[in-house]
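Hi,

Here is the model I promised to pass on.

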Amino acid sequence: MKNDLFLRALRGEPLERTPIWIMRQAGRYLPEYRQTRQKAGDFLQLCKNPELACEVTMQPLERFDLDAAILFSDILTIPDAMGLGLHFVEGEGPQFHRPLNTPEDFKKLSVPNIEETLGYVTQAVRVIKKELNNRLPLIGFSGSPWTLATYMIEGKGTREFKKVKKLLYQNPEAFKELLRLLADAVTEYLRAQIDAGVDAVQIFDTWGGQLSAQTYKNGSLWSMQLVMDALTQSHPHIPKILFTKGGAHWLPIISQTNAQALGLDWSADLPNVIKYLSALPAHQKKAIQGNLDPAVMLCTPDVIRREAEAILQAVGTYTGHIFNLGHGITPDVPPDNLKVLVDYVHERSQAIRSSS
């Protein structure tokens, strides 16, 4: 592979500079993405068209010197494949026609046949890999079982999580079985992406930080560990990244999983993270990914460089750091600002590592 910095960072190998990719790097902040989406008709049709999904995956790579590509898709493809009727409402985001309302609804679900229901995703992987032509690694992904469950039960995005938490607390055993089923579905989905050609996978636990410590440990983290264990058994050489937004304070238990890398949002105290991970035995060490606040990307170039510098200094020469935002880039970010960040991370990290 022409540029394997990202994969080497995941393996904890010494690097000449820090690799960088950006969550949602193929997205609405790019005018060319908006044009392609308009050509597709809507967001879901864009996801389901392998050639157009490839087109938008490649768009940021033509503009910026990024170190990895990420499959263009959506975390809610699995619930859609389960028959819940995913659709997107302009200005409101994803919604389901048939949300889960009772534990009886849970029992009606089954793990979908991936090639039959989500073959457009695996086909997109194949098209993208051919287009990349060994230039960069390709990241595949899925939502976490808990995050999928929140949308499937709430029926849309929410700030309060009342409905899903009520079902969780009132029906703990039934809810655990739902998470187990979703873990099986996520496992099969990621296996299919790996078999189609992705070089690493990431689980987005977007709403794990909304849980209590005990519920996170026994619910979201437990279900993600099922996925991690299964993938380790079937595809031991494929690196896995686990990202729980708002979960930095659970680092000690998250680091016990067999993920190779831990994603961090901007609430993580990097010096403490580095101190903690550096003290672990060599076989337990993890790569880390993050953690610039996405709001920084709305600022002037000098502020972007200043905040990036703070992260690079905090990480120092720790082997296994992948620079990223603490969550996805927002649609209102000027594209030139991302170039500022990518170029600065490359130049400064190389200088820091070469001087150590």
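Below is what turned up, starting with the sheet.

First, the ground rules: this is a predicted model, where local features need pLDDT of at least 70, side-chain atom pairs count only at pLDDT 80 or more, and totals for chains, interfaces and linings use all residues. Residues are numbered from 1 along each chain as its sequence is written, and side-chain values use heavy atoms, with hydrogens and water left out.

The sheet is open and has 7 strands, paired in parallel in the order β1-β4-β5-β6-β7-β8-β9. Helices (H or I, at least four residues) and strands (E, at least two) are DSSP runs, numbered from the N terminus; two strands pair if DSSP finds at least two bridges between them. At the edges sit β1 (69–70) and β9 (321–325), each pairing on one side only.

β8 and β9 run parallel and are joined by 5 bridges; Ile-288 has His-321 in β9 as its bridge partner. One to check in β8 (residues 287–292), which holds Asn-291: the peptide bond from Gly-290 to Asn-291 is cis, with omega near -5°.

Two non-glycine residues have positive phi. Arg-24, at about 65°, is in the loop between α1 (5–10) and α2 (31–40). Asn-133, at about 55°, is in the loop between α7 (114–132) and β4 (138–143). Arg-24 counts as exposed because its relative accessibility is 52%, and exposed means over 50% relative accessible area (1.4 Å probe, protein chains only). Asn-133 is exposed too, with 53%.

Cheers

How values were computed
Buried means under 20% relative accessible area, exposed over 50%, partly exposed in between (1.4 Å probe, protein chains only).
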